[in-house]
Amino acid sequence: MQGVLPVCGLQPLLALLLLQTVGCGVTEADTMVNMRKVTHQTISEEMSKTVLLPCLFTLRPGASSSHEPPRIKWTKVWGQRGSDGLQKEQSVLVAKDNVVKVKKAFQGRVTLPGYNENRYNASLALSGLRSSDSGLYRCEVVVGINDEQDTVPLEVTGVVFHYRAPHDRYALSFADAKRVCVENSAVIATPGQLQATFADGYDNCDAGWLSDQTVRYPIQSPRPGCYGDREGLTWSP
Ligand SMILES: *[C@@H]1O[C@H](CO)[C@@H](O)[C@H](O)[C@H]1NC(C)=O
């Protein structure tokens with residue numbers, strides 16, 4: 001019972017502090033940007049496909065006229081928390097009004113498809129999905145000193161593997177290749193899927209069939225005995 005008293009005693013003080021805070025206008029600022037949190041479920045998409053990560057927000061009435069245009073920042077967060085309790089972060093894109101800057105690591109793969117039409121639609125399209133794109137994507141909207149954010153988890157599914165016939169290295173016809181993939185609970189990979197895996201560092205000295213009936217060597221760098229030596233069959237990075 002004795003322990004209860006100090007807590008009760010604190011309440012008026014807390015109320016006073018809150019009142020002061022309101023007086024400073026911080027509560028007002030908190031509602032300057034309203035994120036429309038659309039989804040918190042993991043978005044799952046297959047390797048090499050395109051995904052749309054939603055980010056929608058509204059501004060408090062009057063906020064748009066009294067401030068600079070909102071600044072949008074997309075960041076990827078992934079990996080285990082280190083000893084400092086932090087995960088890895090990588091900037092994906094920043095946008096302000098009609099200037100959209102894509103970071104080098106994501107160039108050619110990300111756009112804001114709804115942004116031209118609607119400045120409050122910062123949804124991010126990410127194409128040519130790779131396994132390494134899996135992670136948490138944070139959309140941050142900054143108006144003046146006000147900052148709001150939403151996060152979307154992304155999981156890229158699928159694995160590309162090389163099937164090698166037990167005896168002869170190049171014994172498989174295209175029809176054989178399709179069949180053995182199915183026998184291994186898989187389907188023959190598309191060029192886009194191999195491209196996505198290659199971008200993540202996949203390296204294999206064997207030529208392999210792809211769904212478009214081409215044969216390619218996924219070699220990161222040529223080396224003795226592994227040049228992708230047949231003209232036109234080389235997988236060029
Ligand atoms: C936002 O943009 C995406 C991509 O163009 C579109 O599919 C979506 O309908 C838009 N949403 C709103 C509310 O404008």
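The model is predicted, so to speak of local features a pLDDT of at least 70 is needed, side-chain atom pairs count only at pLDDT 80 or more, and totals for chains, interfaces and linings use all residues. Residues are numbered from 1 along each chain as its sequence is written, and side-chain values use heavy atoms, with hydrogens and water left out.

**The disulfide**

Let's start with the cysteines. A disulfide here is a pair of cysteine sulfur atoms within 2.5 Å, and by that rule the count is one. The partners are Cys55 and Cys139, with their sulfur atoms 2.0 Å apart. The pair ties together distant parts of the chain, 84 residues apart: Cys55 is in the loop between β3 (51–53) and β4 (56–59), and Cys139 is in strand β10 (residues 135–143). The link is left-handed, at -65° about the S-S bond.

How buried are the cysteines? Buried means under 20% relative accessible area, exposed means over 50%, and partly exposed is in between (1.4 Å probe, protein chains only). Cys55 counts as buried at 1%, and Cys139 is buried with a value of 1%. Cys181 is buried as well, with 14%.

**Around the ligand**

As for Asn121, one of its polar side-chain atoms lies 2.3 Å from an oxygen atom of the ligand.

**How the strands pair**

Strands of a sheet pair through backbone hydrogen bonds, either parallel or antiparallel. Two strands count as paired if DSSP finds at least two bridges between them.

| Strands | Sense | Bridges |
|---|---|---|
| β1 and β4 | antiparallel | four bridges |
| β3 and β9 (residues 124–126) | antiparallel | three bridges |
| β2 (residues 43–46) and β11 (residues 146–157) | parallel | four bridges |
| β10 and β11 | antiparallel | nine bridges |

Asn34 stands opposite Thr58 in β4, and Leu52 stands opposite Ala125 in β9. In β11, Thr157 has Glu46 opposite it, while Glu148 has Val141 opposite it.

In a regular strand the side chains alternate between the two faces of the sheet. Strand β1 (residues 33–36) has a covered face made of Val33 and Met35, and an uncovered one made of Asn34 and Arg36.

There is also an open sheet of three strands, in the order β3-β9-β8 with antiparallel pairing.

As for β10 and β11, they form a hairpin with two residues between them, and Gly144 in the turn has a positive phi of about 60°.

Where else does phi turn positive? Asp97 has a phi near 50°, a positive value in a residue other than glycine. Asp97 lies in the loop between β6 (88–96) and β7 (99–102), where it is partly exposed at 34% relative accessible area. Ser185, not a glycine either, has a positive phi of about 55°. Ser185 sits in the loop between α4 (174–183) and α5 (191–199) and is exposed, with 75%.

Lastly, Gly208 belongs to strand β12 (residues 208–209) and counts as buried at 16% relative accessibility. Gly208 and Tyr163 are 45 residues apart in sequence and 8.1 Å apart in space, C-alpha to C-alpha.

How values were computed. Polar contact = N/O pair within 3.5 Å; in protein donor to acceptor, adjacent residues only side chain to side chain.
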